[in-house]
Amino acid sequence: MDLFDYMREQNGKTEVPLAARLRPTTLDEVVGQEHIIGRDKLLYRAIKADKLSSIILYGPPGTGKTTLAKVIANTTSAEFMQINATSSGKKDMEDVVKKAKDNLGMYGKKTILFIDEIHRFNKAQQDYLLPFVEDGTVVLIGATTENPYFEVNRALLSRSSIFELKKLGTEDIKILLKRAITDKEKGLGAFNAKIDDDALEFLSGVSNGDARNALKAIELAVLTTERDNDGYIHITIDVASECIQKRVISYDKNGDNHYDTVSAFIKSMRGSDPDAAIYYLARMLYAGEDIKFIARRIMICAAEDVGLADPNALVVATSAATAVERIGMPEARIILAEAVNYVATAPKSNASYLSIDKALAIVKSEKIPQVPTHLQDAHYKDAAKLGHGIGYKYAHDYPNHYVKQQYLPDELKDAKFYEPTDIGYEEQIVDYFKKIK
């Protein structure tokens, strides 16, 4: 190490961003991602045993992909090398491969190559790596914010294990923020800062699972806030809001305001007011509401309030739920808005919802009658001797593929459960029954 390297290292300890300084060096320091690095999970055991094979880490920004790579670098006995796909080319990979071959041939030492944003490499660049991953010259760790099944060479994927990192939960973010303001060695502990509970709650919520965003905000708050008379830097919710450039709105995910907003959102869709529904959607998104929770409410409304007046509403809502989970914010807002507008403007009928509740009420309160004999299964041995299936009329043998016969048990033969309206597609259902009966 020369003088310039030494000075760069010393300055880096104080000048690099807080998120980089706070990066864990051991697995036990990592917060979140228990589904892949819990103590009983494969990745945790592989890292601990230094028996890692090629892997692809993918997930939203700020979820710990680079952090995991750094932990591996600190844990492994292999040579650890890192390149970024946005600024590296084939020449850089050739240099890595040459060194990896030397390590393996001369010292019997493995080389782990961490490629950040691997999706930025084109097909030819990814193809170049393939034989060296396959023969074990390098152990690949690829990190990407994009779905690797679409962005990474299929052959490379087949030789790697895929691990999806999830957005950090609010409790995970709180742990990191508390660590940031108390850690005197790597964090901001020397500044004697305090953070109010509501400010902590706010930052952990609006960071939307991105640890980097939360840590940038708390660092800015500490470095730009004057000390109080007691000598402490006091981080209030106003300071937190200013530092993350997001206005505080009243929205406690466990309180009345949360339920009031959700209630207004659903009632606006049910009441066919797309403007109000979109407004309440915006309030929930701005406050950091879980997009999967919102998507579930839209699906429920599509089934309960739109029903068969427009059967496509549930298809749209379900597709939106799948899409937002795959894509995430901020683009998920567009998908949710499309689903909300569709459900809000669709014709409405709760006939399907009422039908199942009527039927459940009877099932719950009355004795369960026998299935009519002609509808019972006639395929098993001796069924005919018992009369099962005898007299059943096969609908497709009759005009309009319909024949009148009794399907309900005798005790309920006149019961009516589903009563379609004359709205939307249900009008066609009514006309269909008029035609065939």
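**Charge, rings and distance in a predicted model**

Q: Is Asp198 buried, partly exposed or exposed in this predicted model?
A: The model is predicted. Asp198 has a relative accessible area of 40%. Buried means under 20% and exposed means over 50%, so a value in between has its own class. Asp198 is therefore partly exposed.

Q: In which helix is the place of Asp198?
A: Helix 11 spans residues 197-206. Asp198 has its place in helix 11.

Q: Which residues form the negative surface patch?
A: Asp198 is one of the residues in this patch. Patch members need over 30% relative accessible area and no salt bridge. The patch is formed by Asp197, Asp198, Asp238 and Glu242.

Q: Which helices each supply at least two residues of the negative patch?
A: Asp197, Asp198, Asp238 and Glu242 make up the patch. At least two residues come from each of helix 11 (197-206) and helix 13 (237-243).

Q: How are the rings of Tyr279 and Tyr280 paired: stacked, tilted or edge-to-face?
A: The count of aromatic pairs is four. For Tyr279 and Tyr280, the ring centres are 5.2 Å apart and the planes are at 65 degrees. Centres within 6.5 Å make a pair, and planes over 60 degrees apart set its class. The pair is therefore edge-to-face.

Q: What is the relative accessible area of Tyr279?
A: Tyr279 is partly exposed. Its relative accessible area is 46%.

Q: Is Ala124 buried or exposed?
A: Ala124 lies in helix 7 (residues 123-134). Its relative accessible area is 55%. Exposed means over 50%. Ala124 is therefore exposed.

Q: What separates the C-alpha atoms of Ala124 and Pro420?
A: Along the chain, Ala124 and Pro420 are 296 residues apart. Their C-alpha atoms are separated by 59 Å.

Conventions: Residues are numbered from 1 along each chain as its sequence is written. This is a predicted model: local features need pLDDT of at least 70, side-chain atom pairs count only at pLDDT 80 or more; totals for chains, interfaces and linings use all residues. Side-chain values use heavy atoms; hydrogens and water are left out. Patches are made of residues with over 30% relative accessible area and no salt bridge: like charges are joined within 9 Å, nonpolar side chains (Val, Leu, Ile, Met, Phe, Trp, Tyr) within 5 Å. Accessible areas come from the Shrake-Rupley method with a 1.4 Å probe; for residues, only the protein chains shown count as cover. A salt bridge is a side-chain nitrogen of Lys or Arg within 4 Å of a carboxyl oxygen of Asp or Glu. Lys and Arg count as positive and Asp and Glu as negative; His and the chain ends are not counted. The place of a charge is taken as NZ of Lys, CZ of Arg, CG of Asp or CD of Glu. Helices (H or I, at least four residues) and strands (E, at least two) are DSSP runs, numbered from the N terminus. Buried means under 20% relative accessible area, exposed over 50%, partly exposed in between (1.4 Å probe, protein chains only). Rings of Phe, Tyr and Trp (its six-membered ring) pair if their centres lie within 6.5 Å; planes under 30 degrees apart count as stacked, over 60 as edge-to-face and the rest as tilted.
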